Amino acid sequence: MLYKQFAKPEGWIGKMTGWFMVKENEKRNEWTLSFLDIQKNDKVLEVGFGPADALKKIAEKEGITLYGIDPSESMVETALRRLKKERAPEQICMMQGEAQMLEDFYQPLDKIYSINNISFWETPVKTLNHLHSLLRPGGRIAITLSPHGRGTSDETTEVMGGQLRALLEEAGFNQIEVFIKPTFPNNTVCALGMKK
């Protein structure tokens with residue numbers, strides 16, 4: 001049941017799960033965003049935004065257009081409520097749906113990121129390939145994962161880093177770098193790619 005709530009939070013348990021994710025992911029969010037160098041007037045997409053903690057930080061910047069997609073209706077409601085309390089971004093568009101639905105999304109983007117979500121994507125290479133097509137030249141993507149569960153370790157994180165690099169390469173990204181951050185219970189990995 002808990003795995004289901006983390007994958008697609010629903011109802012009051014889902015909302016409690018969302019607030020737990022805020023605390024757990026706060027430092028991971030800041031770390032991931034630090035690689036993107038988000039600037040004024042950027043168009044930014046988060047895939048799997050959960051309770052929108054990272055989007056909330058981005059909303060503090062002027063002239064930003066925010067896009068997000070998440071499969072949970074509870075998280076969409078939470079995100080919209082939290083973002084409205086911030087200084088309003090230039091535009092907010094939050095969508096309920098799975099990552100593969102982005103293959104029907106055609107807005108040009110400057111930055112894309114996803115934190116602890118790509119493992120739920122049904123067609124990661126196809127979705128990443130489409131996201132690559134949406135990025136403007138010089139645009140960046142950051143994919144972060146922190147392995148949890150029985151049998152995972154820092155070695156699991158290293159393996160995931162290699163897998164993320166391979167996915168980004170196959171989808172057409174360039175200048176791919178993989179970073180490791182010490183976190184509990186296991187290290188966290190972020191794969192950063194660019195579009196030429």
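Ala52 is placed in the loop between strand E1 and helix H3 (53–58). The model is a predicted one, and Ala52 in this model has a positive phi of about 70 degrees although it is not a glycine. With a relative accessibility of 0%, Ala52 counts as buried, because the cut-off for that class is under 20% relative accessible area.

**Backbone angles in loops**

- Most residues other than glycine have a negative phi.
- Asn41 belongs to the loop that lies between helix H2 (11–34) and strand E1 (43–47).

**Confidence and overall make-up**

- The mean pLDDT of the protein is 88, and 85% of the residues reach 70 or more.
- Across residues 1–7 the pLDDT is below 50, and this stretch has 13 contacts in the model beyond near neighbours in sequence.
- Where pLDDT is low, the predicted coordinates should not be read in detail.
- The protein contains 6 helices and 7 strands.
- Along the sequence these elements follow the pattern α-α-β-α-β-α-β-β-α-β-α-β-β.
- Of the 196 residues of the protein, 52% count as buried.
- Among contacts with a separation of 6 or more, 69% come from residues 24 or more positions apart.

**The sheet**

- An open sheet is formed by 7 strands in the order E3-E2-E1-E4-E5-E7-E6, and its pairing is mixed.
- Strand E3 (91–96) and strand E6 (174–181) are the edge strands, each of which pairs on one side only.
- From one strand to the next, the twist averages 15 degrees.
- Strands of a sheet pair through backbone hydrogen bonds, either parallel or antiparallel.

**Strand E7 and its partners**

- E6 and strand E7 (residues 188–194) run antiparallel and are joined by 6 bridges.
- A hairpin of 6 residues connects E6 to E7.
- Within this pairing, Glu177 stands opposite Leu192 in E7, and Asn174 stands opposite Met194 in E7.
- E5 and E7 also run antiparallel, joined by 6 bridges; Thr144 has Cys190 of E7 as its bridge partner.
- In a regular strand the side chains alternate between the two faces of the sheet.
- Both faces of E7 are covered: Thr188, Cys190, Leu192 and Met194 are buried on one side, and Val189, Ala191 and Gly193 are buried on the other.
- Since 7 of the 7 residues of E7 are buried, this strand is largely enclosed by the rest of the structure.

**Helices lying across the sheet**

- Helix H4 (residues 73–85) lies across strand E2 (65–70) and E3, and runs at about 165 degrees to E3.
- Helix H6 (residues 154–170) lies across strand E5 (135–145), E6 and E7, and runs at about 15 degrees to E7.

**Aromatic residues**

- A pair of aromatic rings is described by the distance of the centres and the angle of the planes.
- There are 3 aromatic pairs in the structure.
- Trp31 and Phe35 make an edge-to-face aromatic pair, with 5.3 Å centre to centre and 75 degrees between the planes.
- Trp31 and Phe35 are both buried.
- Tyr67 and Phe105 also form an edge-to-face aromatic pair, at 5.3 Å centre to centre with 70 degrees between the planes.
- This pair links distant parts of the chain, 38 residues apart: Tyr67 is in strand E2, and Phe105 is in the loop between E3 and strand E4 (109–115).
- Tyr67 is buried, as is Phe105.
- One aromatic cluster is made up of Trp31, Phe35 and Phe179.

**Cysteines**

- The structure holds 0 disulfides.
- Cys93 has a relative accessible area of 26% and is therefore partly exposed.
- Cys190 has a relative accessible area of 0% and is therefore buried.

Note on methods
Residues are numbered from 1 along each chain as its sequence is written. This is a predicted model: local features need pLDDT of at least 70, side-chain atom pairs count only at pLDDT 80 or more; totals for chains, interfaces and linings use all residues. Side-chain values use heavy atoms; hydrogens and water are left out. pLDDT is the predictor's confidence in each residue, from 0 to 100. Contact means heavy atoms within 4.5 Å. Two strands pair if DSSP finds at least two bridges between them. Helices (H or I, at least four residues) and strands (E, at least two) are DSSP runs, numbered from the N terminus. Axes are lines fitted to C-alpha atoms, for helices over the stretch in contact, and angles run from 0 to 180 degrees between N-to-C directions. Buried means under 20% relative accessible area, exposed over 50%, partly exposed in between (1.4 Å probe, protein chains only). Rings of Phe, Tyr and Trp (its six-membered ring) pair if their centres lie within 6.5 Å; planes under 30 degrees apart count as stacked, over 60 as edge-to-face and the rest as tilted. A disulfide is a pair of cysteine sulfur atoms within 2.5 Å.
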